[in-house]
Amino acid sequence: DAFYYKKGSEDYILVCYTNSISVYDAKDCKPISEIEIDDYTYNTEWFVSKDNNYVYLNSISENMYALDTDSWELAATIPKVFGYHVSTDRFYTWSNDMTHGYFEHFSDKELIKIGNEMLHGEELSEEQKSLYGIDD
């Protein structure tokens, strides 16, 4: 399966192979990136995120792969996904007991804001930062 993607003045072609996704410059077909994934993809669905920073590949294997369109690296593997809704930026999933639900995509800045609101201005101790690998 292949997908054409345009970001600004750049044109890309993304191609699925066994256990990988290759990204090519659409103008000259030169390879830009090869992204390893956990399974063979076929009968795929492609989506572009609301902010145009990610391309999502939904494979028949129930995994969705989020590709960062700035670095062309795998940003995330989202298991048990049966869909993505672009206008709400939501991933629709199910659990082992077949309960259906969704979760929203948040940017790094949004996650930091949510975390700060949850902590009510408290800071992590140096020990906690060390435990979680957080650098200031």
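Is tryptophan 72 buried or exposed, and what is its relative accessible area? Tryptophan 72 is buried, with a relative accessible area of 3%, where buried means under 20% relative accessible area, exposed means over 50%, and partly exposed lies in between, with a 1.4 Å probe and protein chains only as cover.

The structure is a predicted model, in which local features need a pLDDT of at least 70 and side-chain atom pairs count only at pLDDT 80 or more, while totals for chains, interfaces and linings use all residues. Residues are numbered from 1 along each chain as its sequence is written, and side-chain values use heavy atoms, with hydrogens and water left out.

**The open sheet**

The 4 strands form an open sheet in the order S4-S5-S6-S7, with antiparallel pairing. Strand S4 (45-48) and S7 stand at the edges with a single partner strand each, so one side of each is left without a neighbour in the sheet. On average, neighbouring strands of this sheet are turned by 20 degrees against each other, direction ignored; the axes behind such angles are lines fitted to C-alpha atoms, for helices over the stretch in contact, and angles run from 0 to 180 degrees between N-to-C directions.

| Hairpin | Residues between the strands | Residue with positive phi |
|---|---|---|
| S4 and S5 | 5 residues | asparagine 52, near 70 degrees |
| S5 and S6 | 4 residues | glutamate 62, near 80 degrees |
| S6 and S7 | 5 residues | tryptophan 72, near 55 degrees |

Going through the pairs in turn, S4 and strand S5 (residues 54-58) are joined over 4 bridges in the antiparallel sense; tryptophan 46 has leucine 57 of S5 as its bridge partner, and valine 48 has valine 55. S5 and S6 pair in the antiparallel sense over 5 bridges, and tyrosine 54 finds its bridge partner in aspartate 68 of S6. Strand S6 (residues 63-68) and strand S7 (residues 74-79) run antiparallel and are joined by 5 bridges, with leucine 74 in S7 as the bridge partner of leucine 67.

Strand S5 is largely enclosed by the rest of the structure, because 5 of its 5 residues are buried. Both of its faces are covered, since Tyr54, Tyr56 and Asn58 on one side and Val55 and Leu57 on the other are all buried.

**Loops and surface**

Tryptophan 72, the buried residue of the opening question, lies in the loop between S6 and S7. Cysteine 29 also has a positive phi, near 60 degrees, in a residue other than glycine, and cysteine 29 is placed in the loop between strand S2 (10-25) and strand S3 (31-40).

Methionine 118 is placed in helix H1 (residues 108-119) and is exposed, with a relative accessible area of 63%.

How values were computed: Pairing = 2+ DSSP bridges. Helix = DSSP H or I, 4+ residues; strand = E, 2+ residues; numbered from the N terminus.
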